[in-house]
Structure formats: structure tokens, C-alpha cells
Amino acid sequence: MVAYALLFELARNLVLNSLGESPAVKFAAGTLRWLSVLVIAAAAVYVGYRFVQRYREKIRTANELELIADLVEPGAEVVAANPDPNPAPNPDPDPAWTDEAMAVVRDLGVREFEAAALLAVLTAVREAPARRTAAPGAQDEPPSTAEVLLRQLLEHSPPRVKIVGAQRYRLAIVPRWPEPDEVFEGARWPTAVTALAHYYAELSTRWAFALDSVRFAAGARRWFGAHEADLSGLVSAYVDLGERVPATAVAEVARIGDALDGWYARIGDGERQARLATTLCSVRGMEDVVLHGDLAQLRAGRLPGKPNRYRPRNLSTSLSARWEHREALRLLTDPPGGLSEQDWRRGTLPVVAERLEAAWWLLPREDVAGEVCALINLAVVHLRQGRLVAAQDRLELAESLTRGGRDPDGRAHIRETMGIVWWARGEFGRAVRCWQQALTGYRTLADDLGTARCLQHLGSAMVVGPEHGGTLFAADQPITHNEVRRQASGWLFEAHRLHRRYRLHDRNTECYAEGYIEKARSSLAGTNLTVLGHIDRWPLPVGDPH
């Protein structure tokens with residue numbers, strides 16, 4: 001910008017010195033001077049905009065880090081020796097027990113609670129009468145604290161709450177009175193329902209942020225693996241409550257749904273993702289919550305057209321971008337019938353590319369993960385069109401957005417897709433290096449799906465090109481072509497195992513990795529080597545240069 005300003009000023013001086021001081025020359029010189037001023041002003045505005053954007057990004061990153069800084073990662077799953085396959089039994093009603101506070105807990109539709117969640121509900125139940133005027137003749141207040149109330153429930157004979165695990169409780173006996181209709185009309189009900197949803201919304205949101213953190217990603221995956229059933233069951237419980245769900249709880253249930261949707265996307269479980277979206281749409285009052293209602297309808301495939309406009313504008317454009325993105329993927333995965341492959345490439349793929357590009361333009365610039373996702377999918381479409389240079393350009397743009405530690409999972413996906421571009425261009429070594437970098441990133445994030453894909457890429461590449469295997473193994477001892485194929489068969493077997501685990505393809509359909517395992521077996525026939533059923537030596541890790 002400064003260079004352009006200097007160029008305009010130089011042109012102005014040349015005009016004045018060469019042509020004199022005529023009115024026309026003066027007008028041209030003045031125009032050039034104003035152009036130089038405008039260029040400098042535009043440069044200043046751009047620098048200021050970039051500074052504000054970097055400052056906002058810094059604040060957002062700091063807030064996210066603060067949100068997950070005190071999370072305690074769960075360890076590896078410890079399987080019970082004799083797990084009980086039966087669901088939790090319903091608590092027994094005590095006809096002699098009348099307690100409004102515990103009647104609220106009874107009617108929540110949840111039988112087992114984590115200690116912190118139960119204490120949050122009991123605290124809300126205890127404090128609710130202070131927020132509303134108690135009706136004449138109402139019963140005495142519960143004990144002074146939630147902890148005291150919980151201790152009394154445990155110490156009662158017989159126990160009204162049972163310990164069923166570390167910091168986990170199950171309702172054993174519940175009061176018969178008051179009746180549910182009376183509970184739903186009471187002051188404590190909306191507060192308790194909202195408190196339970198808020199507790200799990202806060203917790204699941206924090207762990208959803210942790211999924212994108214290199215530090216906490218592995219622990220976040222273990223946490224969702226252990227709590228996914230409880231969270232989805234809680235959403236279903238709120239559907240069962242029907243009209244008894246207060247408006248204050250609906251937004252919290254939507255936040256739980258957002259966290260679960262992100263988890264299902266991570267593990268590639270489209271079936272549960274679609275089922276969750278349908279369930280969220282059934283929560284009474286969800287359609288009245290601005291943005292969340294349309295988002296649930298969009299995920300469930302029930303949004304007929306572009307969503308309405310909202311304030312602030314970035315929320316509206318973000319949702320519109322997701323609608324465009326979803327429509328593009330629908331065209332890609334469900335093309336019109338009766339088209340030949342050539343007609344589909346000529347007619348459908350350009351439309352898909354236009355929609356993906358429109359989605360990218362609509363996304364707010366602070367939504368780095370959304371931009372990266374749109375650009376990767378756009379690169380994949382260009383790959384299918386045979387436009388390798390365009391695909392590489394989109395991936396390089398996406399890569400520039402993820403520098404500085406932003407969206408590490410998206411960055412690994414970029415390197416993986418870039419490897420496919422290099423492979424298509426005949427650059428074997430560059431493709432293998434990209435897949436090594438992607439595999440290293442996925443393993444750091446404990447991303448099993450990404451790990452499986454990269455193992456499949458590397459394994460199949462080594463089966464057909466074992467002479468390039470030197471970069472994948474330590475150089476402490478020589479390695480033969482047959483040994484490279486043998487090690488590659490172990491990678492392919494692990495990829496196949498992960499595919500089966502996450503149900504990435506139908507069990508009756510041959511896995512891509514299986515085909516290359518058979519090729520490796522044929523290549524090793526007649527030698528003293530056999531294919532592996534596990535990983536013997538992992539490919540050497542390669543760090544990200546940026």
C-alpha cells in the first residue's frame with residue numbers, strides 16, 4: 001500500500017515537472033495526490049482491522065483456555081469384572097413420606113446422578129422458595145444445605161439414596177406425595193429442571209472445547225465415551241417431560257445437544273448424530289429459541305430453506321453458511337438419478353463447488369474451524385473435478401488459517417488431504433511426508449478416525465511402492481521391500497479394525513484396507529514372512545513445521 005502511495009506521488013511530480021502548471025495538469029496532479037492519500041488511509045484501516053481481529057482472537061483463545069484449564073482428564077476405562085446388564089430399577093414410592101423437594105427430584109425422569117449434578121439439583125430445590133413467595137400452609141424448608149440433605153438421605157434407614165459407584169448415586173426410595181401435578185405447579189420445579197440441564201450443559205461444553213486442544217484432546221474423548229449415554233439419555237428425558245420443560249431449560253438442553261453433535265461428528269457416527277437432531281427438535285419450546293431452533297431443524301434435515309436473519313449478524317451468516325454447506329454435501333452424496341459419471345462431473349460438481357464457496361464466504365472470519373471444513377470439502381470437490389492446482393490452493397489457504405495452534409484437528413485433516421493431492425500429481429515422497437505429519441497430529445489428538453485413514457494411506461502406498469519405505473522407519477538397520485510390505489500389512493489391519501469399530505462401512509462390503517492386505521499377502525507368498533494382525537512398528541512421527 002505504501003509503495004502504491006509513493007508511486008502515485010512520484011507520478012504527480014513527474015506530471016507537474018513535465019507539463020507545467022496548466023489547470024488540467026493541476027487537476028490531474030491533485031487527483032493523484034488524493035489517490036495516494038486514499039491508499040494510505042485504506043492501508044491504515046486494514047492494519048487496524050487486522051489488529052482488532054488478532055486482539056479478538058487472542059481474547060477468545062484466552063477465554064477458551066481458561067474454560068478448560070482446570071479440567072481433570074479421566075484415565076483409561078476400567079471394565080467391571082461382572083457388569084450388570086440390567087437397567088437401573090425404578091425407585092420404590094413410600095406412601096408415608098411427603099416431601100416436596102425430593103418429589104421434584106423424583107419427577108425429573110433421571111434415576112442415577114453424579115454427585116455434583118445431584119448436589120446442583122438439591123441446591124436449586126433448597127433455594128427456590130427464597131426466590132418465590134411460598135404458598136400458605138406450605139411445608140417446612142428442607143435442611144440448610146444440599147450436602148446435609150444428601151447425607152440425611154444416605155443415612156436414613158432404609159437408605160433413600162444408594163451409592164452405586166464413585167461419586168454416583170441412585171434413587172432408591174422416593175416420596176409418594178405430593179402428586180406430580182402439584183410438583184409441576186410448584187416453585188421448585190422450573191429451577192431444579194434448569195439446574196440439572198445447566199450443570200451438564202456447562203460440563204459438556206467445556207469438554208467439547210477440550211476436543212480441539214492438543215493438551216486435553218485424549219482425555220476429552222475418554223470423557224465423552226464415558227458420558228455420551230448419560231447425556232443423550234438426559235436429552236431424551238427432557239423430551240418426555242413435554243410441556244413441563246421450562247423455557248429457561250430449553251437453551252441449556254440445546255447446548256448439551258451442540259456438544260454431543262460435535263462428539264458424534266468427531267467419531268463419524270452419522271446415525272446417532274441424526275437421531276440426536278431429531279430428538280432435539282422434539283424438545284418442547286425448542287422452536288421458540290432463537291437460532292437453536294433453526295440449528296436443530298437444520299441438523300435434522302427439516303429446514304426447508306435458508307434460515308431467518310438474526311442479530312448479531314455473524315450468527316445469522318454462520319447458520320446460512322451451514323445451510324449452504326449441508327445442501328452442497330447433499331448434492332454430493334445424493335446426486336440426481338439417471339446421470340452418467342461424466343454428466344455428474346460436468347453438471348453437479350460445479351454446483352457443489354459454488355455452494356461450498358458461498359458457504360465459505362458467509363462464515364464469520366472468527367469461525368476458523370468452519371472455514372477450514374468448507375475449504376477442505378471444496379478441495380475434495382476440485383480433486384474429483386481433476387483441478388489439482390485449485391485443490392492445492394484451497395488447502396494452502398486453509399493451512400494459513402490454522403497456524404499458531406488454531407484448529408489442530410483441522411490442520412491434520414489439511415495435511416492428509418494435501419497428501420492425496422501430491423499423490424494425484426505423482427509426488428510420492430511429498431504425499432508420504434504429508435500423511436506422516438497428519439498421522440502424527442491425529443495420534444496426538446487421539447483421533448482414531450484420522451489415524452485409521454492415514455494408516456490406510458501409508459499402508460496401501462507401501463504395498464505398491466515399498467522402495468519409498470525408508471522415510472517411515474528408523475535408519476538404524478537396513479530394511480527390505482518384503483519387510484516394508486509386512487509392516488504395512490499391520491497398519492492396514494489396524495485401519496480395518498478401526499473401520500469396523502466405528503462402523504465406517506457395511507460389514508458385507510469389502511474394506512479398502514482389506515484389499516491391500518490381500519495384495520501384501522500375495523507379495524509375501526513364497527517368503528518366510530507373513531502379514532501382520534497388529535502394528536509391529538509405527539511409521540516414524542513427523543512434526544508440523546509450523
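The talk below sets a few labels against their definitions.

Guide: This is a predicted model, where local features need pLDDT of at least 70, side-chain atom pairs count only at pLDDT 80 or more, and totals for chains, interfaces and linings use all residues. Residues are numbered from 1 along each chain as its sequence is written, and side-chain values use heavy atoms, with hydrogens and water left out.

Visitor: Why is cysteine 434 called buried?

Guide: Buried means under 20% relative accessible area, exposed over 50%, partly exposed in between (1.4 Å probe, protein chains only). Cysteine 434 has 2%, so cysteine 434 counts as buried.

Visitor: And what is cysteine 281, buried or exposed?

Guide: Its relative accessibility is 12%, so cysteine 281 is buried.

Visitor: What makes glutamate 112 and arginine 170 a salt bridge?

Guide: The rule asks for a side-chain nitrogen of Lys or Arg within 4 Å of a carboxyl oxygen of Asp or Glu. Here the closest N and O atoms are 2.6 Å apart, and the pair is a salt bridge. Glutamate 112 lies in strand β2 and arginine 170 in strand β4, so the pair ties together parts 58 residues apart in sequence. Strands are DSSP runs (E, at least two residues) and helices are too (H or I, at least four), numbered from the N terminus.

Visitor: Why is glutamate 112 called partly exposed?

Guide: Its relative accessibility is 22%, so glutamate 112 falls in the in-between class. Arginine 170, with 24%, is also partly exposed.

Visitor: How many disulfides does the structure hold?

Guide: A disulfide needs a pair of cysteine sulfur atoms within 2.5 Å. The structure holds zero.
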